[in-house]
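Hi everyone, thanks for coming.

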Amino acid sequence: GPKATQWQAPFERATIGVVTSPFGGRRTFNGKLKSRHQGIDYDGKIGDAVTAMSDGVVVLAAENYYFTGSAVFVAHGNELYTMYFHLSRTDVVTGDRVHQGQVLGAIGKSGRATGPHLHVGVKLAGTYIDPADLLAYRRTLAPVTAP
């Protein structure tokens with residue numbers, strides 16, 4: 001599978017749009033708290049490019065699932081995955097090796113979406129984490145020194 005070295009480089013944003021819904025926001029349905037937002041939503045127009053945040057392997061390129069719509073899931077090694085939802089089209093297929101900045105598809109409003117936007121999710125060892133934390137992460141090569 002993908003080697004851990006694939007994600008030593010800083011991750012990049014998947015699209016240029018502004019953040020419209022940050023990670024962790026409360027989601028209500030019929031007035032009841034149902035969940036917290038498990039990713040980041042970016043504004044965009046149908047057809048705007050969606051790019052890989054880092055090198056990896058496409059583990060699933062899905063057509064129009066109920067919630068996610070058309071979606072791409074990329075494995076980066078060490079149990080780290082990025083997910084791109086509500087696409088209007090996918091430009092990769094399951095099994096493709098992708099590089100940071102490569103176009104995976106385009107923004108859309110497929111699945112359960114009220115309008116065109118990109119939902120980006122990040123899962124590390126089975127737990128959703130804030131994509132903003134991953135984008136801010138810079139691997140340090142500084143040695144650990146004892147006090």
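Strands themselves are DSSP runs of E with at least two residues, helices are runs of H or I with at least four, and both are numbered from the N terminus. Now some housekeeping: this is a predicted model, so local features need pLDDT of at least 70 and side-chain atom pairs count only at pLDDT 80 or more, while totals for chains, interfaces and linings use all residues. Residues are numbered from 1 along each chain as its sequence is written, and side-chain values use heavy atoms, with hydrogens and water left out.

Okay, let's find strand β8, residues 80–90. Which strands does β8 pair with? One is β11, residues 117–124, running antiparallel to β8 and joined to it by six bridges. If you look at Thr 82, its bridge partner in β11 is Val 122. Another is β10, residues 103–107, also antiparallel, with three bridges to β8. There, Leu 87 sits opposite Ile 107. And then we have β7, residues 69–75, antiparallel to β8 over five bridges. Leu 87 turns up again here, standing opposite Ser 70.

Buried means under 20% relative accessible area, exposed means over 50%, and partly exposed is in between, using a 1.4 Å probe and protein chains only. His 86 belongs to β8, and with a relative accessible area of 6% it counts as buried. His 86 also has a positive phi of about 70°, although it isn't a glycine.

Now slide along to the hairpin of β7 and β8, with four residues between the strands. Gly 77 has a positive phi there, near 95°. Asn 78 is in that loop between β7 and β8, and its phi is positive too, about 55°, despite not being a glycine.

Last stop: Asn 64, in strand β6, residues 56–65. Is Asn 64 buried or exposed? Asn 64 is exposed, because its relative accessible area is 53%. What does it touch? Leaving out residues up to four places away in sequence, Asn 64 touches Gly 69, Ser 70, Ser 110 and Gly 111, where contact means heavy atoms within 4.5 Å. A polar atom of the Asn 64 side chain lies 3.5 Å from the backbone nitrogen of Gly 111. And Arg 112 is 48 residues from Asn 64 along the chain, with 9.7 Å between their C-alpha atoms.

Definitions and conventions:
Polar contact = N/O pair within 3.5 Å; in protein donor to acceptor, adjacent residues only side chain to side chain. Pairing = 2+ DSSP bridges.
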